[in-house]
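Notebook open, structure loaded. I want to look at one helix, then the packing, then the ligand site.

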Amino acid sequence: MGIAAEITGDWHAALAALAWEVEAGADETILDAPVNRYELAAESPKPLPTKASPAAAAPDPLQADPVAIARSAAEGASSLDALREAIASFAHCDLKKGARNTVFADGNPKARVLILGEAPGAEEDREGRPFVGRAGQLLDRMFAAIGLSRTSPDTESALYITNVMPWRPPANRDPSPAEIALMLPFVERHIALVDPAVIVAVGNTPLFALTGTKGILRARGTWGQALGKPLLPMTHPAYLLRTPAAKREAWADLLSLQARLR
Ligand code: URA
C-alpha cells in the first residue's frame, strides 16, 4: 500500500494518502515487490560519447525523433496484423509502461463505419479490447439502434472500433497533445488500411487528433472531412452517461449517420 501503510496511527491521513495515490494513477498492483528505479538507473549508466562513436555527437535524425520512428513503423505496416505488431512493439510512448495490454481494435475490418475513440479505460486495459466498459456498452446500444454492430459479419451493418491511444493513460486522464502527435501516424495508417466509408470521432481526443480542433460540443453533428473521408464528430458515450439530456442530440447524430449510409 506504499505511503499509506507507513502512516501509522492516523486513519484519515492514510486514507487521504491512498486516495492521492489512486488519483495519481497507482490504482492497480503491477508487481509483487516495489522497484527502486533510482537503483536501476545507477546500474546502467548511459555511455559517454567518445571519439570512436561520432554518432553520439551527430545523432541519427530518425533515432532522435520518436514521431519519425512512429511514422516509419506505421508506413511499413502493410496489413492490420502488421500494424498491430508495429504498435505493440513501439517503445517510445510512456503510456505503454503503465498499461497491461495494447488495445488495438475490435469489430469487422470490412465495416463501412469506423468509430475512433479516445483511449482505453481500466476494463479495456484488462481485456485488451476497446469500449468494453459501461461507456462501451452504451456505445453498442446506440449504434444497434441504427442497425450497426461490431459483431456483424455483414459489411453493411458492421462497425470497426479503435482508439487514438492504444494504452490506458494513468487515472484515465486525457492523452496529452504530444502523446496524440506521437501515435497519430499509427491512427492514420490504421484508418488507411481499414478504408471505411465514414469515420465517427467520439469525444475531443479523436476530434483533435483528426482535425487539430477541440470543442466536441460545438462540433458534434456537423459533418466534416478527415484523411479524405467524411467525418462525423459525436459526444463520447461516457459524457452521455454523465449527461443523459445530451442523448437527444446524440440520437440526432445517429440518424444523420444512418441517412448518410443509405
Ligand atoms: N473510452 C474510449 O474512448 N475508448 C475505450 O476504448 C473505452 C472508453
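This is a predicted model: local features need pLDDT of at least 70, side-chain atom pairs count only at pLDDT 80 or more; totals for chains, interfaces and linings use all residues.

My entries below go through these in that order.

**Helix 6.** I looked up which residues of helix 6 (residues 80-88) are buried, and got Leu80, Leu83, Ala86 and Ile87. They sit on the same side of helix 6, because the arc they cover around the axis is only 115°. Next I checked what covers the buried residues, and the cover includes helix 5 (66-75), strand 3 (159-163) and helix 9 (177-194).

**Cores.** The largest nonpolar core came out at 36 residues, and Phe90, Cys93, Tyr160, Trp167, Met183 and Phe186 have the most contacts inside it. Helix 9 gives the largest share of this core, 8 residues. I then picked Cys93 and skipped its neighbours within four places in sequence; that left contacts with Met165, Trp167, Leu182 and Met183. There is also a second, separate core of 22 residues, with Ile115, Leu148, Met234 and Leu257 among them.

**Ligand.** Which residues are around the ligand? I listed Gly117, Glu118, Ala119, Glu124, Pro130, Phe131, Asn163 and His236. For polar pairs, I noted a ligand nitrogen 3.1 Å from a polar backbone atom of Ala119. A ligand oxygen lies 2.9 Å from a backbone N or O atom of Phe131, and a polar side-chain atom of Asn163 is 2.9 Å from an oxygen atom of the ligand. Last entry: on its own the ligand has 240 Å² of accessible area, and the protein covers 92% of that.

Terms used:
Residues are numbered from 1 along each chain as its sequence is written. Side-chain values use heavy atoms; hydrogens and water are left out. Buried means under 20% relative accessible area, exposed over 50%, partly exposed in between (1.4 Å probe, protein chains only). Helices (H or I, at least four residues) and strands (E, at least two) are DSSP runs, numbered from the N terminus. The arc is that of the directions from the helix axis to the C-beta atoms. Contact means heavy atoms within 4.5 Å. A nonpolar core is a set of buried Ala, Val, Leu, Ile, Met, Phe, Trp, Tyr and Cys residues joined through side-chain atoms within 4.5 Å. A residue is near a molecule or strand if one of its heavy atoms lies within 4 Å of it. A polar contact is a pair of N or O atoms within 3.5 Å; within protein, one must be able to donate a hydrogen and the other to accept it, and residues adjacent in sequence count only if both atoms are side-chain atoms. Accessible areas come from the Shrake-Rupley method with a 1.4 Å probe; for residues, only the protein chains shown count as cover.
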